[in-house]
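Have the viewer open and follow along.

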Amino acid sequence: FGLPAIIATLGLLAACSRVPTTTPPELTKLVERAAIEELFYDYYAQFRPDSKHDFVSFFANDGRLEVNGMVANGIEEIKAMYGRVVGSGAGNEQKAKDAVPKGVSEMMLTNMKIDLQGDKAVATFLWHSIKSDLLTTEGKINEYGRERTELVKQNGHWLIKNRVVLTEGGMPESLLKYYPKQ
């Protein structure tokens, strides 16, 4: 077989191959799932002390947030709920010049399941808050629970429509009065 046979074979293959005119649905589903996963990773990064704490930018205008029985409807109520948690001043105490730095809390998401339904989706997963008291001490899971979140796609972006968070361990006792009875 010489060069003419190779060229003829390549020409035949090119003539027989078709370029897809639409994106395969499996690929679209993977891209949408990745976008939703990124939304949650970016959202949970807002709990870090060096973040902007811009939780409301992840919610639809008519979004709803329920955390251990406490409910906030709409952007203003959601903003107020997070303001009470983030604005508590915890961790802002004065430190001695040579003191060991405090540890940082990190959030870990596991067992994520995303059910896509066009421009709507439902995500369920487990979350774990891991923290060390000091930079030199071991980290421990200090709170953990589960979440179910309904999302909507608006203007090409996924937003939280209804987020329900339930702590399953490590919840502060002061919040027990809100905790849903089971």
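Which residues of the largest nonpolar core touch the most other members? This is a predicted model, and in it the answer is Ile36, Phe40, Tyr43, Phe59, Leu65 and Leu151, out of a core of 29 residues. Two or more residues each come from α2 (25-45), β1 (59-67), β2 (70-73), α3 (74-86), β3 (106-117), β4 (120-131) and β6 (157-169). The top contributor is α2, with five residues.

The average pLDDT of the protein chain is 86, and 84% of the residues score at least 70. Residues 88-92 fall below 50, and this stretch has one contact in the model beyond near neighbours in sequence. Where pLDDT is low, the predicted coordinates should not be read in detail.

Now for the sheet. Six strands make up an open sheet with mixed pairing, in the order β2-β1-β6-β5-β4-β3. The edges belong to β2 and β3; each has a single partner strand, so one side of each has no neighbour in the sheet. From one strand to the next, the twist averages 15°. Helix α2 packs on this sheet, where it touches β1, β3, β4, β5 and β6, and its direction makes about 150° with that of β3.

The pairings can be followed strand by strand. Between β1 and β6 there are five bridges in the parallel sense, and Arg64 has Asn162 in β6 as its bridge partner. On to β4 and β5: they run antiparallel and are joined by twelve bridges, with Lys120 opposite Val152 in β5.

Asn68, in the loop between β1 and β2, has a positive phi near 50° although it is not a glycine. Asn111, in strand β3, also has a positive phi, of about 55°, without being a glycine. Are these residues buried or exposed? Asn68 counts as buried because its relative accessible area is 2%, under the 20% cut-off. Asn111 counts as exposed because its relative accessible area is 62%, over the 50% cut-off.

Asn68 also leads us to the end of the tour. Thr167, in strand β6, is buried with a relative accessible area of 3%. Setting aside neighbours within four places in sequence, Thr167 is in contact with Asn68, Trp127, Glu143, Tyr144, Gly145 and Tyr179. Tyr179 sits in the segment after β6, and beyond residues up to four places away it touches Asn68, Leu166, Thr167 and Met171. Tyr179 and Val67 are 112 residues apart along the chain, with their C-alpha atoms separated by 8.4 Å.

Terms used. Residues numbered from 1 in each chain as written. Predicted model: local features only at pLDDT ≥ 70, side-chain atom pairs only at ≥ 80, totals over all residues. Heavy atoms only, no water. pLDDT = per-residue confidence, 0-100. Contact = heavy atoms within 4.5 Å. Core = buried A, V, L, I, M, F, W, Y, C linked by side-chain atoms within 4.5 Å. Buried < 20%, exposed > 50% of the residue type's maximum accessible area, 1.4 Å probe, protein only. Helix = DSSP H or I, 4+ residues; strand = E, 2+ residues; numbered from the N terminus. Pairing = 2+ DSSP bridges. Axes fitted to C-alpha atoms, helices over the stretch in contact; angles between N-to-C directions.
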